[in-house]
Amino acid sequence: MESTGRDYAVTKSDEQWREELSPDEFSVLRAAGTERPFTGEYTDTTTEGVYACRACGSELFTSETKFESHCGWPSFYTPLAEDRVEYVQDDSLPGRPRVEVRCANCGSHMGHVFEGEGYETPTDQRYCINSISMTLRPAQG
């Protein structure tokens with residue numbers, strides 16, 4: 001994963017991350033991989049709660065902004081707060097520039113954000129996030 005040069009509140013070596021994360025989690029969170037579509041734990045989840053970064057626990061998205069996009073990954077139309085995520089230009093696919101979404105607390109890869117795809121959401125955006133990047137904290141009640 002390319003460095004943004006940013007200082008994160010949570011910083012660890014790759015060795016430390018490998019000790020804390022499973023190989024699949026490391027592949028996505030720290031090496032900007034992608035889980036296979038329609039296989040993630042939260043793709044079809046409707047449980048109310050907050051989605052936190054699996055690497056550092058920072059709260060990033062809420063179930064209130066999750067919607068069914070039928071794309072194969074959990075989709076949200078906005079983060080919990082803009083300062084919770086960072087955006088990085090991703091030119092890894094020739095001819096298909098994208099905007100990568102990372103946790104602003106630790107720099108872990110979450111997924112990508114797309115705009116203007118015709119989804120009727122308040123923001124006209126789709127945050128396409130890997131399930132393996134998150135942990136759902138169910139609402140109390």
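**View 1. Three strands form an open sheet in the order S2-S1-S9, with antiparallel pairing.** S2 and S9 are the edge strands, each with a single partner, so one side of each has no neighbour in the sheet. On average, neighbouring strands here are turned by 30° against each other, direction ignored; axes are lines fitted to C-alpha atoms, for helices over the stretch in contact, with angles from 0 to 180 degrees between N-to-C directions. S1 and S2 run antiparallel and are joined by 3 bridges, and Val50 stands opposite Thr62 in S2. Strands (E, at least two residues) and helices (H or I, at least four) are DSSP runs numbered from the N terminus, and two strands pair if DSSP finds at least two bridges between them.

A quick note before the next views: this is a predicted model, in which local features need pLDDT of at least 70 and side-chain atom pairs count only at pLDDT 80 or more, while totals for chains, interfaces and linings use all residues. Residues are numbered from 1 along each chain as its sequence is written, and side-chain values use heavy atoms, leaving out hydrogens and water.

**View 2. The largest nonpolar core has 21 residues.** Such a core is a set of buried Ala, Val, Leu, Ile, Met, Phe, Trp, Tyr and Cys residues joined through side-chain atoms within 4.5 Å. Phe61, Met110 and Ile129 have the most contacts inside this core. Elements giving two or more residues to the core include helix H2 (23-29), strand S1 (49-53) and strand S7 (109-115). Not counting residues up to four places away in sequence, Met110 touches several residues, among them Leu29, Cys53, Val101 and Ile129 (contact: heavy atoms within 4.5 Å).

**View 3. Cysteines, but 0 disulfides in the whole structure.** A disulfide here is a pair of cysteine sulfur atoms within 2.5 Å. For Cys103, the nearest cysteine sulfur is that of Cys56, 3.6 Å away. The sulfur of Cys128 lies 3.9 Å from the closest one, in Cys71, which is too far for a bond. Cys103 counts as buried because its relative accessibility is 0%, and Cys128 is buried too, at 10%. (Buried is under 20% relative accessible area, exposed over 50%, partly exposed in between, with a 1.4 Å probe and protein chains only.)

**View 4. Ala32 has a positive phi, near 60°.** Most residues other than glycine have a negative phi. Ala32 sits in the loop between H2 and S1 and is partly exposed, at 31% relative accessibility.
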